[in-house]
Amino acid sequence: MKSVRFYSDRGLLPEAARSGGGHRRYAPEALERLRLIRSLRALDLPLPEVRRVLEAGGAADRVLEDAVAGRLRAVGNELKALRWREAALRLVRECPPAELAGRLRLVGSLDTPPSTAPLARFWRAWLPARMPAPATAAFLDVAVPQPPDEPEPAQVLAFARLHAMTTAPCPDGRQPRPEVHRAAGADGAARLYAGLAEAYEIAGPQLRQAKDPYPGEALDAYVAAYASAYGDRDTRQFRRLLAARLAAEPRLTGYWELTAVVRTAPGSPPEPTPGHADEWLRAALERDSADRA
């Protein structure tokens, strides 16, 4: 049989001898070995993995477990890629004719499944260059949305727009950064984002309940984070100055709106992003400053 010769030529099924006519002969245990090879190949294990299992001896069970786990990961990635391709095809099929060319360009720029590397590069360039690695990793964890395993067309479109936004050249050749990065430095920025994460978490329930921005515990934590970064104290004057500073800083509202689409499961209420929490807290600060004027 061709398959027997194939495995024999690759050393997976050693022959015991040759007949006078040159025909291969195998030991009795070769039949069981052949069955095992075929079973492993039926699981789509590559030949190098099959060889590892066959040659593992007493550790065969552990080696087989590792090989199956690796193949499961690979199949999962293949399925995710197919689901993204299916959602992208649906997105194009449902597109109005006038938008088709632009949508094709957006979707065509993505891998399937897409990589988050361009988004991470965008934020790394936005953050202070020497910010401690743990602080940078914590920020990226909340700022970079992971592509869903089973996306809807709207999520594919949102991720494609995020990709386009973060890879487009800046109008003046320089990426805008908050003024606080310069004033606080790398270590101060790390303290700032740790404090902001706490403020965003406190504000989360209010955002989920769609409450209007108001001063309170979340705003106090928000102002404290900036006061620590600037080396100042939370006073009435500082709050007025901070409100003016924040009003002049660049905003990335579009990024966070798209991130919310990517992260929200179909039919579920949108989860507040750090950008939404920041907008809510800025509005609360402006209201607080106006009330204290």
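A residue counts as buried under 20% relative accessible area, as exposed over 50%, and as partly exposed in between, with a 1.4 Å probe and protein chains only. At 43% relative accessibility, D44 therefore counts as partly exposed. The model described here is predicted, so local features need pLDDT of at least 70 and side-chain atom pairs count only at pLDDT 80 or more, while totals for chains, interfaces and linings use all residues. Residues are numbered from 1 along each chain as its sequence is written, and side-chain values use heavy atoms, with hydrogens and water left out.

The protein chain has 13 helices and 2 strands. These elements are DSSP runs numbered from the N terminus: helices are H or I with at least four residues, and strands are E with at least two. The radius of gyration of the protein chain is 29 Å, well over the 19 Å that the globule rule gives for 293 residues, so the chain is more spread out than a compact globule. That radius is taken over C-alpha atoms, and the globule rule is 2.2 Å times the number of residues to the power 0.38. Along its principal axes, the C-alpha trace spans about 105 × 50 × 40 Å.

Of the 293 residues, 38% count as buried. The accessible surface of the protein chain is about 16800 Å². Carbon and sulfur atoms hold 54% of that surface. Accessible areas come from the Shrake-Rupley method with a 1.4 Å probe; for residues, only the protein chains shown count as cover. Contact means heavy atoms within 4.5 Å. Among contacts in the protein chain with a separation of 6 or more, 68% join residues 24 or more positions apart.

The interior was examined next. A nonpolar core is a set of buried Ala, Val, Leu, Ile, Met, Phe, Trp, Tyr and Cys residues joined through side-chain atoms within 4.5 Å. The largest such core holds 58 residues. Within this core, W123, Y193, Y222, Y226 and L281 touch the most other members. Helix α9 (residues 179-208) gives the most to this core, with 12 residues. Apart from this core lies another, of 14 residues, among them V4, Y7, A30 and A67. W123 is in contact with F139, L140, A143, V144, L252, Y255 and W256, leaving aside its neighbours within four places in sequence.

Charged pairs were then searched for. A salt bridge is a side-chain nitrogen of Lys or Arg within 4 Å of a carboxyl oxygen of Asp or Glu. The whole structure contains 18 salt bridges. E152 pairs with R90 in one of these, the closest N and O atoms being 3.4 Å apart. This pair links distant parts of the chain, 62 residues apart. E152 is in the loop between α7 (133-143) and α8 (153-167), and R90 is in helix α4. E152 is partly exposed at 30% relative accessibility. R90 is also partly exposed, with a relative accessible area of 26%.

R239 takes part in two of the salt bridges described here. With D234, the closest N and O atoms are 2.8 Å apart. D234 is partly exposed, with a relative accessible area of 38%, whereas R239 is buried at 4% relative accessibility. With D288, the closest N and O atoms of R239 are 3.0 Å apart. This second pair links helix α11 (residues 236-248), where R239 lies, to helix α13 (residues 274-292), where D288 lies. The two residues are 49 residues apart. D288 is buried, with a relative accessible area of 6%. Salt bridges that share partners join D220, D234, R239 and D288 into one network.

Some backbone features lie in loops. The peptide bond from T112 to P113 is cis, with omega near -10°. P113 is in the loop between α5 (100-108) and α6 (117-126). D44 has a phi near 70°, a positive value in a residue other than glycine. D44 is found in the loop between α2 (30-42) and α3 (47-54). A210, likewise a residue other than glycine, has a positive phi, near 55°. The loop between α9 and α10 (217-230) holds A210, and A210 is exposed at 66% relative accessibility.
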